[in-house]
Amino acid sequence: MTKAGSNRQTATKPRPQFAKPVRVADSEAQKPAQRAEPTPGRVLARRSGPRPQEKTGLILETLPSHDYALLDSGNGLKLEQYGPYRIIRPEGQAIWLPAWDRAEWDKADAVFTGNTDEEGVGRWHFPKVPLGETWPLAFDGLPFFGRFTSFRHVGVFPEQGTHWSHMDDLIRSAKRPVKVLNLFGYTGVASLVAARAGAEVTHVDASKKAIVWARENQEMAGLSGKPIRWICEDAMKFVAREERRGSTYDIILLDPPAYGRGPNGEVWQLFDSLPAMVDLCRAILTPNALAVVLTAYSIRASFFAIHELMRDAFTGLGGEVQSGELILRERSSGRALSTSLFSRWGAT
C-alpha cells in the first residue's frame, strides 16, 4: 500500500464551489468539436418486427449498507462511507441543505477539493491523518481495492450494484455456460461478480491503469483462476472485430462515458457513438442471449433517449426494455440522489 503523502495536511472546510465541472484544459477548449466516426461504413437501418415490451420510469436504488452508504448530502457535496472511511466529494445535484450538522461532516477522513499539493496527494485532503492510496472495499462479500484518484472517483460506482445483482441472478439461473462482455469495464468489479457467478468474462477498457487495477482486484478477490480476459482496447473497435470474427455473448454490459478517447486517440462521444455501439452489441448476441445493460452518466437527456434507442435496436428479438434512473438512498433523511440513467434489454 502506497502512502499518499508523508505530512499531515491542514483541514479545510469543504465548499460548494468544489462541485463545479472540471475545467477542460485551454488547449482542449480551443480545439473544434470532433464528430466521432468509430465504425466507418456501418449503415444503421430500422429493423422490422415487433418492438420489445417496455417498462419506463423505473427507479433502482442502492440502500445504505456496511460496505457503502450515502450518509448525507447538500450544498453541492455528498458525505459517503466507503468501508472504514468517510469521504466528502462534489455532487452538483445536491442542491438542498445537509440534514446532518457540521460536526458529522467534520468526521470525514478524506475530502476531495480539487487542490494539488507538492507531496503528490493530488486532489484530496486528509483532515485527520494521511491515508494510503488504496484501501479494502467489498461488494456482496467480494473484496476489491478502493483508491484515491486525482479525478475524484474511488474505483467503484455503488449504484451499479443493482445491475450486478441482476446479472448474478441471470448467470446462476441460466444453468448453462454464460459468456459476459463488459465494455468500458473500468476497475472490473462487475467482471468479478460475473466470474464468481460462473460466467466466462471478457473485460474491455481503453485505460491501461484501469486494467492493472482490475487485475489487482481479481487477485484480491481470490478469483485468479476464473476465466477473465483483460483487454486494453478501444471498445468500438473491439466489438466491430468481434462481429467480423463471429464471436458472441450472452450478456453485455455497457457503461460508456459521455466523452472519451481510446488508446490510439479514438474519439468517443456518447450521442454520436452510442447508436452504432448498441447496433454492434445486438449483432454479437448469442441466439439465446440474456441481457444487454446500458448505463449513461453525465449527460443532459431523459432516460427516454436511451430507452427508445434500445427498443429500436432490439426490435424483432422479443423480450422487454426497462429504463429509468439509478439512485442512492441517503441515510440521514432518506432523500434520493440520482446518479445516472439506465436502459436494459432482457430476453424475458
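Student: By how many residues is the second largest pocket lined, and which of them lie nearest its centre?

Tutor: In this predicted model, 17 residues line the second largest pocket, and Thr62, Ser65, Tyr68, Phe139 and Pro158 lie nearest its centre. Local features are taken at pLDDT of at least 70 and side-chain atom pairs at pLDDT 80 or more, while totals for chains, interfaces and linings use all residues. Numbering starts from 1 along each chain as its sequence is written, and side-chain values use heavy atoms, with hydrogens and water left out.

Student: What makes a space a pocket rather than a cavity?

Tutor: On a 1 Å grid over the protein atoms alone, a pocket is an open set of points with protein on both sides within 12 Å along at least five of seven lines, a cavity is a set where a 1.4 Å probe fits but cannot get out, and lining residues have an atom within 4 Å of a point. The second largest pocket holds about 250 Å³ of space, whereas the largest cavity holds about 200 Å³; such a volume is the space filled by probe spheres on points joined across faces, edges and corners. The search of the whole structure finds two cavities of 30 Å³ or more.

Student: Which residues lie nearest the centre of the largest cavity, and how many of its lining residues are nonpolar, polar and charged?

Tutor: Gln160, Trp164, Asn182, Ala190 and Asp255 lie nearest the centre, out of 19 lining residues. The lining divides into ten nonpolar, eight polar and one charged, where Ala, Val, Leu, Ile, Met, Phe, Trp, Tyr, Cys and Pro count as nonpolar, Asp, Glu, Lys and Arg as charged, and the others, Gly among them, as polar.

Student: Why do β2 (68-74) and β6 (124-125) stand at the edges of their sheet?

Tutor: Strands are DSSP runs of E with at least two residues, numbered from the N terminus, and two of them pair if DSSP finds at least two bridges between them. The open sheet of five strands has the order β2-β3-β4-β5-β6, and β2 and β6 each have a single partner strand, so one side of each is left without a neighbour in the sheet.

Student: How do you know that β4 and β5 pair?

Tutor: Two bridges join β4 (residues 85-90) to β5 (residues 110-112), running parallel, and because at least two bridges are required, they count as paired. Within β5, alanine 110 is the bridge partner of isoleucine 87.

Student: How many bridges join β15 to β17?

Tutor: Six bridges join β15 (residues 291-296) to β17 (residues 336-346), and these strands run antiparallel. The bridge partner of threonine 295 in β17 is phenylalanine 342.

Key
Helix = DSSP H or I, 4+ residues; strand = E, 2+ residues; numbered from the N terminus.
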